[in-house]
Amino acid sequence: MNLILLGPPGAGKGTQAQEIAKKRGLVQLSTGEMLRSAAKAGTKDGLEAEALMAKGELVPDDVVVKIISERIEQPDCAGGFILDGFPRTLMQAAALDRMLAEKGNKLDAVIELKADFNRLVERIVGRYACAKCGQGYHDRFKRPKVRGVCDVCGSTEFSRRSDDNAETVTTRMMAYYRDTSPLIGYYFCKQTLRSVDGMASIGEVATSIDNVIAGLSR
Ligand code: AP5
Ligand code: MG
Ligand code: ZN
């Protein structure tokens with residue numbers, strides 16, 4: 001099964017993708033995470049991307065398309081994947097269509113997390129993640145079971161994203177509405193779009209997504 005999670009910054013793409021991937025044995029493909037790793041590794045593309053990400057602007061299409069096309073070729077993706085943060089422009093969506101068609105593969109659903117702009121800033125500025133395994137948390141909405149200890153790996157080190165500040169968030173939101181929201185119409189026309197309420201609790205959103213996935217196999 002190949003899925004896309006679509007939604008603005010803070011809508012819950014990463015949170016839900018992490019869970020679905022675990023539960024269904026799919027590979028989570030987050031272009032944001034891949035770009036942050038490339039920046040950390042100091043590659044040329046990574047460093048260029050880092051400057052744009054810090055401002056909240058999109059990284060050029062050719063850079064992300066190259067990253068995703070190489071990653072999708074890896075054998076672990078043959079069993080299905082869930083795209084989190086890609087595609088983000090119509091050009092990226094067209095490139096994905098070509099990549100899948102070349103492999104005789106297809107998308108099963110594009111799940112839109114419908115979100116309320118005014119509540120996303122709180123989600124984003126309260127977000128942090130385990131520095132060792134990447135498990136995501138939130139100051140209010142998703143705390144570790146034992147304070148200061150990662151539920152998954154037991155690490156006590158956490159980190160926050162440098163683009164998770166109120167100023168950059170506004171630019172990221174603008175980029176979403178300008179460049180990414182047209183994809184809602186694109187996938188609606190292709191009849192792959194399914195929408196769920198992204199402002200419900202994490203568990204309720206997960207249940208809505210499960211229901212969408214259950215409906216696909218019928
Ligand atoms: P990326 O890393 O993809 O960031 P984003 O799209 O801004 O999305 P976020 O990761 O901020 O939000 P999310 O939807 O994953 O929310 P999360 O689940 O963490 O991209 C970063 C940058 O990389 C971009 O700005 C761009 O520069 C570049 N980039 C990446 N891909 C690109 C592409 N394809 N093309 C060009 N450039 C690209 O949830 C947020 C917080 O809320 C968490 O703390 C979570 O615990 C909490 N939360 C989640 N769900 C709920 C809920 N239902 N109720 C309460 N709290 C919740
Ligand atoms: Mg994310
Ligand atoms: Zn951890």
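**A colleague's note on the strands and the cavity**

1. In strand β7, the residue bridged to Cys130 is Phe158. Please keep in mind as you read that this is a predicted model.

2. As a reminder, strands of a sheet pair through backbone hydrogen bonds, in either a parallel or an antiparallel sense.

3. Now turn to β3, residues 81-84. Strand β1 (residues 2-6) pairs with β3 in the parallel sense over four bridges, and there Leu5 stands opposite Asp84. Strand β2 (residues 27-30) is likewise parallel to β3, again over four bridges, with Gln28 partnered by Ile82.

4. In a regular strand, side chains alternate between the two faces of the sheet. On β3, Phe81 and Leu83 lie on one side, Ile82 and Asp84 on the other, and all of them are buried, so both faces are covered.

5. How many cavities of 30 Å³ or more does a search of the whole structure find? The search finds one, and the space in the largest cavity is about 60 Å³.

6. Have a look at the lining of that cavity, which includes Leu5, Lys13, Phe86, Arg88 and Tyr176. Both β1 and α7 (166-180) contribute at least two lining residues each. By type, the lining has five nonpolar, three polar and two charged residues.

Definitions and conventions. Residues numbered from 1 in each chain as written. Chains lettered and ligands numbered in written order. Predicted model: local features only at pLDDT ≥ 70, side-chain atom pairs only at ≥ 80, totals over all residues. Heavy atoms only, no water. Buried < 20%, exposed > 50% of the residue type's maximum accessible area, 1.4 Å probe, protein only. Pairing = 2+ DSSP bridges. 1 Å grid on protein atoms, 1.4 Å probe; cavity = no way out; pocket = protein on both sides within 12 Å on 5 of 7 lines; lining within 4 Å. Points joined across faces, edges and corners; volume = space filled by probe spheres on them. Nonpolar A, V, L, I, M, F, W, Y, C, P; charged D, E, K, R; others polar.
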